[in-house]
Amino acid sequence: DRKNLFFSVEKPADKYHALLTFIHKKDIQMPGASGIVYCLTRKKVDEICYQLREEGISVTRYHAGLSDEERRQNQEDFIYDRRQVMVATNAFGMGIDKSDVRFVVHYNMPKNMESYYQEAGRAGRDGEPAECVLYYEPMDVRTNRFFIDNNENDQELDEVTRKIVQERDRERLRQMSFYCF
């Protein structure tokens, strides 16, 4: 219950344009404000980071497909304000000690509410106002369902247990979808 966080869900026709407009608005309101943009896939992280860089945004990226050195450097650039925006998968954020994050945008819907609150909660840890925006589109549900159905981490489970875990994850995805509506 952090009253300094403002939560919203939007269903923009053009998510990238909405993101770019949001970042420019934030930069006018609070020049140099830090923010995190979460994406579901490495490919989307790379794409959004590249596009924002082309627009002149001070941006970097973080996902498991980068070398350890690049991840470390990009993380430090964000933490020490050498880069304003971090575009990342959910691999980014654990153990990050940056209290002045002014916004967290979920470019894609997370797989469950627990992940969403954990990631959105990285905003405004200093008690100052911060925004948590989730861009929803039905394709995100299909992508998350694909990840649930093909989770490599569940392959070592026996068939019965794997089915139970998948159904639990599908129910959590339904709850996340209900939140978006």
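Within what distance do the axes of helix H1 (residues 15-29) and H2 come, and at roughly what angle do they cross?

Modeller: The axes of H1 and H2 come within 12 Å and cross at roughly 50°. First, a caution. This is a predicted model, so local features need pLDDT of at least 70 and side-chain atom pairs count only at pLDDT 80 or more, while totals for chains, interfaces and linings use all residues. Residues are numbered from 1 along each chain as its sequence is written, and side-chain values use heavy atoms, with hydrogens and water left out.

Helices here are DSSP runs (H or I, at least four residues), numbered from the N terminus. Axes are lines fitted to C-alpha atoms over the stretch in contact, with angles from 0 to 180 degrees between N-to-C directions. H1 and H2 are therefore oblique to each other (under 35 degrees is roughly parallel, over 145 roughly antiparallel, 65 to 115 roughly perpendicular, the rest oblique). Their crossing is right-handed (the near helix is turned clockwise from the far one by less than a right angle).

Which residues make this contact? H1 gives Tyr16, Leu19, Leu20 and Ile23. H2 answers with Ile48, Gln51 and Leu52. Contact means heavy atoms within 4.5 Å. By class, there are 6 nonpolar residues, 1 polar and no charged. (Ala, Val, Leu, Ile, Met, Phe, Trp, Tyr, Cys and Pro are nonpolar; Asp, Glu, Lys and Arg are charged; the others, Gly among them, are polar.)

Now take H5 and H6. Their axes come within 10 Å and cross at roughly 165°. H5 and H6 are therefore roughly antiparallel. This crossing is right-handed too. From H5, Val141, Asn144, Arg145, Ile148 and Asp149 take part. From H6 come Gln166, Asp169, Arg170, Leu173 and Ser177. That contact has 3 nonpolar, 3 polar and 4 charged residues.

H6 also meets H4. Here the axes come within 8 Å and cross at roughly 60°. That makes H4 oblique to H6. Met113, Glu114 and Tyr116 of H4 touch Arg172, Met176 and Tyr179 of H6. Of these residues, 4 are nonpolar, none is polar and 2 are charged.

A pocket is an open set of points on a 1 Å grid over the protein atoms alone, where a 1.4 Å probe fits, with protein on both sides within 12 Å along at least five of seven lines; lining residues have an atom within 4 Å of a point. The largest pocket holds about 720 Å³ of space. It has 30 lining residues, and the closest to its centre are Leu40, Asn90, Lys111, Asn144 and Phe147. Helices H4 (113-120), H5 (138-149) and H6 (159-180) each give two or more residues to this lining. H6 supplies the largest share, 5 residues. The lining as a whole has 11 nonpolar, 12 polar and 7 charged residues.

The second largest pocket has a volume of about 180 Å³. Its lining includes Lys15, Leu40, Lys43, Lys44, Glu47, Met139 and Asp140. Helix H2 (42-54) and H5 each give two or more residues to it. This lining divides into 3 nonpolar, 3 polar and 6 charged residues.

Conventions:
Points joined across faces, edges and corners; volume = space filled by probe spheres on them.
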